Amino acid sequence: MAEKTPEEMREAVLAIREKMAAAAREAGRDPAEVQLCAACKTRTAETVAASAALPIDVFGENHVQELCANFDAGAYCGKPIHFIGHLQTNKIKKVLGRASLIQSVGSEHLLTAIEKEAAKAGIVQNVLLEVNIGGEESKSGVSPEALWPLLDAASAQEHIRVKGLMAIPPVNDDDAQNRRYLAAVHDLFVKAGERGYSNVEMQTLSMGMSGDYENAIREGATLVRIGTAIYGERDYRKR
């Protein structure tokens, strides 16, 4: 599957929106509750700008360099941008003021570093806490058990607001197992919201990608991150 043309992107986004709405209704939810985040890793500013005219709610960037380049080029056309990749502490300054939400805060070390830089900049940064629901060594994020001390630490920060959770379940072909992982994340999301922390408001549950976004919506996701299904296969030689 090659990178899509603007017309193919339009058709893809409309089809994705239909499937998102159907999954939401199947779960007894309002389709308007679920946002579409276009994961635009490796895409050119021209491609991102072309997709901005489509019914995409927010853009998600995995790499700081690409976020800065597309932001400075005006490629997002005024739509919100989320940082969804692994964030190195020495690059936090570049993300602050550009990303309305950092989705991938998976350690107290990163949390503390964001607080420090946000305080210097005189801003309050919205974040999601990342949960490694499958316990995979190849993925970042905290274990379900370690979420609670991370949430305790986050609630004490003056320049951070926790807006929810993010997770990437293990890739597998077992539909039932996939849904169990997604349901487990939703359970954590609900429990976190019931704890009454200050500076914490469980609004966003970011889970589900091109291969499992319908299941994610059925299990309570409020935001799905979709890249390949919108744009086509990535050409990593471009970067």
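Visitor: What does buried mean for a residue here?

Guide: A residue is buried when its relative accessible area is under 20%. The model is predicted, and strand S1 (residues 35-39) is a case to start with.

Visitor: How many residues of strand S1 are buried?

Guide: In strand S1, 4 of its 5 residues are buried, so the strand is mostly covered.

Visitor: Which strands does S1 pair with, and do they run parallel or antiparallel?

Guide: S1 is joined to S8 by 4 bridges, and the two run parallel. S1 also runs parallel to strand S2 (residues 58-61), with 3 bridges between them.

Visitor: Which helix belongs to the β-α-β unit with S1 and S2, and is the unit right-handed or left-handed?

Guide: Helix H2 (residues 45-51) makes that unit together with S1 and S2, and the unit is right-handed.

Visitor: Now the side chains. How many salt bridges are there?

Guide: The count comes to 10 salt bridges. One of them pairs arginine 98 with aspartate 72, where the closest N and O atoms are 3.3 Å apart. A pair counts when the nitrogen is within 4 Å of the carboxyl oxygen, so this one qualifies.

Visitor: Which parts does the pair of arginine 98 and aspartate 72 tie together?

Guide: Arginine 98 lies in the loop between helix H4 (92-95) and strand S4 (101-105), and aspartate 72 lies in helix H3 (residues 64-72), so the pair ties together parts that are 26 residues apart in sequence. Arginine 98 is partly exposed at 24% relative accessibility, while aspartate 72 is exposed at 54%.

Visitor: Where does glutamate 219 lie, and is it buried or exposed?

Guide: Glutamate 219 meets arginine 179 in a salt bridge of 2.7 Å, N to O. Glutamate 219 lies in the loop between helix H8 (213-218) and strand S8 (223-226), and arginine 179 in helix H7 (residues 175-194), so this pair ties together parts that are 40 residues apart in sequence. Glutamate 219 has a relative accessible area of 18%, so it counts as buried. Arginine 179, at 27%, is partly exposed.

Visitor: What is the N to O distance between glutamate 136 and lysine 139?

Guide: Their side chains meet in a salt bridge of 2.8 Å. Glutamate 136 is partly exposed at 23% relative accessibility, and lysine 139 is partly exposed at 24%.

Note on methods: Residues numbered from 1 in each chain as written. Predicted model: local features only at pLDDT ≥ 70, side-chain atom pairs only at ≥ 80, totals over all residues. Heavy atoms only, no water. Buried < 20%, exposed > 50% of the residue type's maximum accessible area, 1.4 Å probe, protein only. Pairing = 2+ DSSP bridges. Right-handed = clockwise from strand over helix to strand, strands pointing away.
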